[in-house]
Amino acid sequence: MYRYILKRLLMLIPVLLGVAFLIFAIMDVAAGDPVYSVAGADATPEQIEVLREKMGLNGSLIERYIRYIGNLLRGDLGTSYISKLDVMKVYLQRLPNTLKLATLTMIVAVGMAIPLGITAAVHQNSIRDTTSMVLALIGLSMPNFWLGLLLILFFSLRLGWFPTGGSEGFRSIVLPAITVGTSLAALLTRTTRSSMLDVLRQDYLRTARAKGVSERNVIQKHALRNALIPIITIFGVQFSNVLGGSVLAETVFAWPGVGRLVVDAIDQRDIPTVTGALVMTTMLVTIVNLLVDLVYAFVDPRIKAQYTK
Amino acid sequence: METNQTNRSQQRATKLYKKRSTLEDIWRQLRRNKGAIIGLILIIVIILVALLSPLLLDYDKDVIGQNIKQRLKPPSSAHWFGTDELGRDILSRVIYGARYSLAVGVVAVFVALAFGITLGAAAGYIGGKFENVVMRICDIFSSIPSVLMAIAVVSALGKSTFNLMLAVGIASTAPFIRVARAAVLVIHDEEYVEAARAIGMPDWKIIWVHILPNCLSQIIVQATLRVGSAIIAAAQLSFLGLGVPAPAPEWGSMLSAGRQYIRDYSYMTLFPGLAIMLTVLSLNMLGDGIRDALDPKLKR
Amino acid sequence: MTNQEANEIILNIRNLKVRYETQDGIVKAVNGVDLTLRKKRTLGLVGETGAGKTTTALAIMRLVPNPPGVVECDKLEIGGQDILSLPEHKLEHVRGNDVSMIFQDPMTALNPVFTVGDQIAESLEIHEHLSVKDAKERAGDMLELVGIPRERANEYPHQFSGGMKQRVVIAIALACNPQLLLADEPTTALDVTIQAQVLELMNELKEKYDTSMIMITHDLGCVAEVCDEVAVMYAGRIVEEGTLEDVFNRTMHPYTEGLFNSLPNIKDRKAKLKPIKGLMPDPTNLPVGCSFAPRCNYATDACLIAQPQLRSISQTHRIACTAYDNPEFHIERRIL
């Protein structure tokens, strides 16, 4: 098991290097030459060369990339062109907000999806099933920033229960979490239902019933555990996506998270910030993916057996 | 009595085993699915509206023509959906906006299809190092959230409708690579493919003639469902100001404008959002229906 | 005398009917079955696939899935207790405690995410209210009883072979020492050598615990091995029942005869197999008359008119066949 984890951690390295390079290359194409915009129009060629060296922009793409990776290993993501602040510092400032929102979002999503999905599967083709599936379909088809606007309209402006935006106190996180959580719940509900339907037809549930296990435990203990793998997969993908920042919800609710940081930086051509934030996000995402794979092993002994092999 | 019964079971058997073309078969399955039919009708109506809108509306006058005297009028008999901050009729803009959203959705999916199928099929067929590299790139792409990916591409290429299509397309390529590769891997070792190889058919022709038609069904399903998510992705980018440039009536950018006036003129945020939802909903209903029709085992 | 006899009856079913209401029509799986089983006896329920054997067993457990299954029954008693009127939570006390079931396919009958020890212990925790620790201990005992070292209790089903899994399933079924055991083709999915081992094990345990058993099978050899009584099912009805002797040596029903004729005869390898022609009737569309008539060599016009009722031939032997209205009638099979 430990060997498996070690192997997976080692495999992270090329992926991270690849992501860093990809972002590096895209930003290189995108940015044109940032030196001129920083130096100003009336800078002499000498001044520009000095500045270029200072900004670490001398040399070929590959040379700069290697230098960047070297700095990255020391925890240095460079300095923002715009704010002149340390990118790592800025990122770590935003990260807690994103983590808070991501966690609450997933709690909302799972809290809605698992009960709905199970009910739909257990009472297949009933009115409850149809209702859950129609709700999930609508959730899947609704752009979440629009849902956010509707929630603001109703709960903030009409009822005044929650602030329209910002990050002051618990109340301000409720609407963004519901907004993102609801749209994630749609896919998660569908996954739960279809996975449960698969499991509900399995013979071992009949064995459990024949033992005298109550229907409640047949579903919650015997069936759900077996249905979890696809649910965890989708959960992992969604969780890593919200770790990258729910850009739209952050925009709608003026939530100062990582997503907004990246979008603003892209807007301002602030390459170090974009690259740094995306590289850090990718690192988080790959770690979450690894955790998801480890959770698989806890849920299903057959997968664990594969890992230890 | 006895003969009667044998007759019936014979009829049943012929009914079951009669050869039917797959398309006809899919249509028969689809027709029985109420949701899919509703989705199909809705999407046909939306496509017709998009196609016919230039005949109904004068783009310069009705869609982007400003009329400050008429600004921010709530829904009325003259302006069913009200007017926006520049006095433009929101209904006209929503109708015309269908052109943008559908075009972006469809073109983006075609971009994703073209990249995805070529790379995926080649990866599955060629295998080895090439497959490894493609799949790792696929991993890299999937580990960046797709909205951020699209934002990065748009900002690299510059804001324009075409770049928006390209960005959304590139950001949704990875799933198609996976589907195409998986399908090719399954079919790769079938005997008829080996037979084709044995008679010296070139590789590209084997992929085109024998392999792709066999994974077409999965690709159609993916594509239908992806058009919906591409429309949402495009609206998201436009909402962030990275999509179709003003003054074009893109639903996402209309929502972005409406957001400024949400406190007092909430109807501005209502209708473009409804339009997005209705379009994506009908695509999803149709896509789900096609999926169930293609694989009746999944329809439970 | 009569009173004592009645006390000994473990299972009493009258007029059991089960139908599945599906989109393609109503499948009549069981069409009026009566069964009586006395203590310590083993009944073999024999018939082709689709005859309604498994559905009968599930109906006894009240485990026919609804929808689509609908069960109708005049009487269903296990150990004198009326099972029909019990609410669901009371049924849970009956299942696994008074009556247990062994399923056909051991490969799929065990939950892949729990250890075999936990799966055996679960019924002990439910019915005997043992602590987790005691239940685990008893689960170990049960494993040893079925010939598996107790150390393997912490392993998962995928670590066991098919025969071992079936032993685990047997251990689960017998954990709470039920009065009645329903074994649904317990050996069909196993290798021949393993089949014999499992049958012997079941015989042994049944003796040891005084359990009554219904053995569902299409394997007549298996019936001869373990059963005291035999009931032959066809299209959801019992067509012949009696003691093992009655059915094997004094066969009367043409369908039973057909089953025996379908077996190869080692003594006369030149003799051709005589399979029963045709297929079982479509259960969504059963004929008005005898269900077997379309395939029966002896069928007359009378057979097509009405469903034959079970009639007593002797104290123990009963058949449902219209042909015996004619006192001259007899089947070809040599009566020993």
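UniProt annotations are given here in the numbering used for this structure, and they may be inferred rather than shown by experiment. With that in mind, the unreviewed UniProt entry places "domain: ABC transporter" over residues 13-260 of chain C. Welcome to this structure, which is a predicted model.

**Chain B as a whole**

- Chain B is built with 13 helices and 0 strands.
- The C-alpha trace of chain B spans about 80 × 65 × 30 Å along its principal axes.
- Of the 300 residues in chain B, 44% are buried.
- Take the contacts in chain B between residues at least 6 apart in sequence: 69% of them join residues at least 24 apart.

**What the UniProt record marks in chain B**

- In an unreviewed UniProt entry, the annotation "transmembrane region" covers residues 36-57, 100-125, 137-158, 164-187, 227-245 and 265-287 of chain B.
- One of these stretches, residues 227-245 of chain B, is 68% helix and 0% strand in the model, and its end C-alpha atoms are 21 Å apart.
- Another, residues 265-287 of chain B, is 91% helix and 0% strand, with 35 Å between its end C-alpha atoms.

**Where chain B touches chain A**

- The contact involves 33 residues of chain B and 33 residues of chain A.
- On the chain B side, the elements giving two or more residues are helix 6 (128-142), helix 7 (146-157), helix 11 (203-239), helix 12 (251-260) and helix 13 (267-294).
- Helix 13 of chain B supplies the largest share of that side, with 8 residues.
- Sorted by class, the side of chain B that touches chain A holds 20 nonpolar, 8 polar and 5 charged residues.

**A closer look at helix 7 of chain B**

- Helix 7 of chain B has 12 residues and reaches 16 Å from its first C-alpha to its last, close to the 16 Å expected at 1.5 Å a residue.
- This helix is mostly covered, as 10 of its 12 residues are buried.
- The buried residues of helix 7 of chain B include Ser146(B), Met149(B), Ile151(B), Val154(B) and Ser155(B).
- After helix 7 of chain B comes Gly158(B), which has a positive phi near 100 degrees.

- Look for Ile187(B) in helix 9 (residues 173-188) of chain B.
- Ile187(B) counts as buried because it has 20 C-beta neighbours inside 10 Å.
- Leaving aside neighbours within four places in sequence, Ile187(B) is in contact with Val193(B), Ile211(B), Asn214(B) and Cys215(B).
- Val63(B) is 124 residues from Ile187(B) in sequence, and the two lie 50 Å apart in space, C-alpha to C-alpha.

**The two domains of chain A**

- The domain assignment divides chain A into domain 1 (2-73) and domain 2 (95-307).
- Taken over C-alpha atoms, the centres of domain 1 and domain 2 of chain A are separated by 34 Å.
- Their contact takes 13 residues from domain 1 of chain A and 12 residues from domain 2 of chain A.
- Helix 1 (residues 2-31) of chain A gives the most to the domain 1 side, with 11 residues.
- By class, that domain 1 side of chain A has 12 nonpolar, no polar and 1 charged residues.

**Chain C and its helix 8**

- The annotated span, residues 13-260 of chain C, is 39% helix and 27% strand, and its end C-alpha atoms lie 27 Å apart.
- Helix 8 (residues 192-209) of chain C has 18 residues and reaches 26 Å from its first C-alpha to its last, close to the 26 Å expected at 1.5 Å a residue.
- Buried in helix 8 of chain C are Gln195(C), Val198(C), Leu199(C), Met202(C) and Lys206(C).
- The elements covering the buried residues of helix 8 of chain C include strand 3 (42-46), helix 7 (162-174), strand 8 (180-184), strand 9 (212-217) and helix 9 (220-226) of chain C.
- Just after helix 8 of chain C, Asp210(C) takes a positive phi of about 55 degrees.

Methods: Residues are numbered from 1 along each chain as its sequence is written. Chains are lettered from A and ligands numbered from 1 in the order in which they are written. This is a predicted model: local features need pLDDT of at least 70, side-chain atom pairs count only at pLDDT 80 or more; totals for chains, interfaces and linings use all residues. Two residues are in contact if their C-beta atoms, placed from the backbone, lie within 7 Å. Helices (H or I, at least four residues) and strands (E, at least two) are DSSP runs, numbered from the N terminus. Ala, Val, Leu, Ile, Met, Phe, Trp, Tyr, Cys and Pro count as nonpolar, Asp, Glu, Lys and Arg as charged, and the others, Gly among them, as polar. The expected span of a helix is 1.5 Å times one less than its number of residues. Domain bounds come from an automatic or database domain assignment.
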